[in-house]
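This report walks through one protein model for a reader who has not seen it before. Please look over the sequence and the structure first.

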Amino acid sequence: GVHPMEEALAFDALLRLESPRYDVAAVAQKAGKSPVFVMQRQRLVELIPSIAEAFLADQIGVGHALEIAKLPQAQQEKAFDAVFRTVWNGGKESRVVLPLRDFTAWIEQNILLSLDSVPFDITDATLVPEVGSCAECPKRTGFNALLFGEMGSHHDQCSDAVCFNNKLSHFVEKQIETKPKLVQITTA
């Protein structure tokens with residue numbers, strides 16, 4: 001009867017202990033759960049307060065909360081707004097929660113950014129040195145299989161639009177520096 005958010009807070013507290021020191025595998029073993037389960041639950045603590053409150057109030061289910069928690073906090077509110085659909089029922093307008101499959105598809109189409117065709121090398125740690133390469137980034141679906149699961153196996157995507165756009169801008173700046181006669185035709 002424990003709410004998933006309370007479970008997440010407990011897992012997070014165990015993972016933050018100094019002594020004894022636990023990792024995800026040890027917590028999973030003690031709880032009788034899989035490491036994927038523990039990692040996903042623990043991620044719920046990353047929800048912004050308003051969404052965590054809505055989740056605790058059962059306005060959204062655990063599946064929707066888990067999908068939102070995978071996203072950077074700057075994008076969580078946008079995703080939360082997309083969880084709901086307005087429908088007419090008996091002449092009245094009401095808000096219903098999208099099916100999880102539809103919501104996951106919305107996130108993939110509207111928030112995640114494809115790394116399959118970016119012009120920069122995703123393994124280049126020097127492009128924006130303070131963030132490193134995309135290859136080892138936990139916000140990349142292809143790298144963080146415990147968190148993104150099946151989503152990461154379909155496409156290699158970035159869940160951090162700010163970082164993605166920053167890298168893209170740096171890449172363009174470097175291209176202009178190395179090729180001063182380069183002419184920009186469009187910003188599209």
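This is a predicted model: local features need pLDDT of at least 70, side-chain atom pairs count only at pLDDT 80 or more; totals for chains, interfaces and linings use all residues.

Among the elements of the protein, helix α9 (residues 150–154) has the lowest mean pLDDT, 49, while helix α4 (residues 49–56) has the highest, 96. For the protein, the mean pLDDT is 88, and 93% of the residues reach 70 or more.

**Overall layout**

The protein has 10 helices and four strands. Along the sequence, these elements follow the pattern α-α-α-α-α-α-β-β-α-β-α-α-β-α. The C-alpha atoms fill a box of roughly 65 × 60 × 25 Å, taken along the principal axes.

Of the 188 residues in the protein, 38% are buried. Among contacts with a separation of 6 or more, 56% are between residues 24 or more positions apart. The protein exposes about 11,200 Å², and carbon and sulfur atoms supply 55% of that area. As for charge, there are 18 positive and 24 negative side chains. The centres of these two sets lie 2 Å apart.

**A residue in strand β2**

V97 lies in strand β2, which covers residues 92–97. Not counting residues up to four places away in sequence, V97 touches Q59, H64, V83 and F84. One of these, H64, is 33 residues from V97 in sequence, and the C-alpha atoms of the two are 9.1 Å apart in space.

**Cysteines**

How many disulfides does the protein have? With a cut-off of 2.5 Å between cysteine sulfur atoms, the count comes to zero. C134 is in no disulfide, and the nearest cysteine sulfur, that of C163, is 6.2 Å away. For C137, the closest cysteine sulfur is also in C163, at 6.1 Å, and this is too far for a bond.

C134, at 10%, is buried, whereas C137, at 21%, is partly exposed. The table sets out the relative accessible areas of the residues discussed here.

| Residue | Relative accessible area | Class |
|---|---|---|
| C134 | 10% | buried |
| C137 | 21% | partly exposed |

Methods
Residues are numbered from 1 along each chain as its sequence is written. Side-chain values use heavy atoms; hydrogens and water are left out. Helices (H or I, at least four residues) and strands (E, at least two) are DSSP runs, numbered from the N terminus. Buried means under 20% relative accessible area, exposed over 50%, partly exposed in between (1.4 Å probe, protein chains only). Contact means heavy atoms within 4.5 Å. Accessible areas come from the Shrake-Rupley method with a 1.4 Å probe; for residues, only the protein chains shown count as cover. Lys and Arg count as positive and Asp and Glu as negative; His and the chain ends are not counted. The place of a charge is taken as NZ of Lys, CZ of Arg, CG of Asp or CD of Glu. pLDDT is the predictor's confidence in each residue, from 0 to 100.
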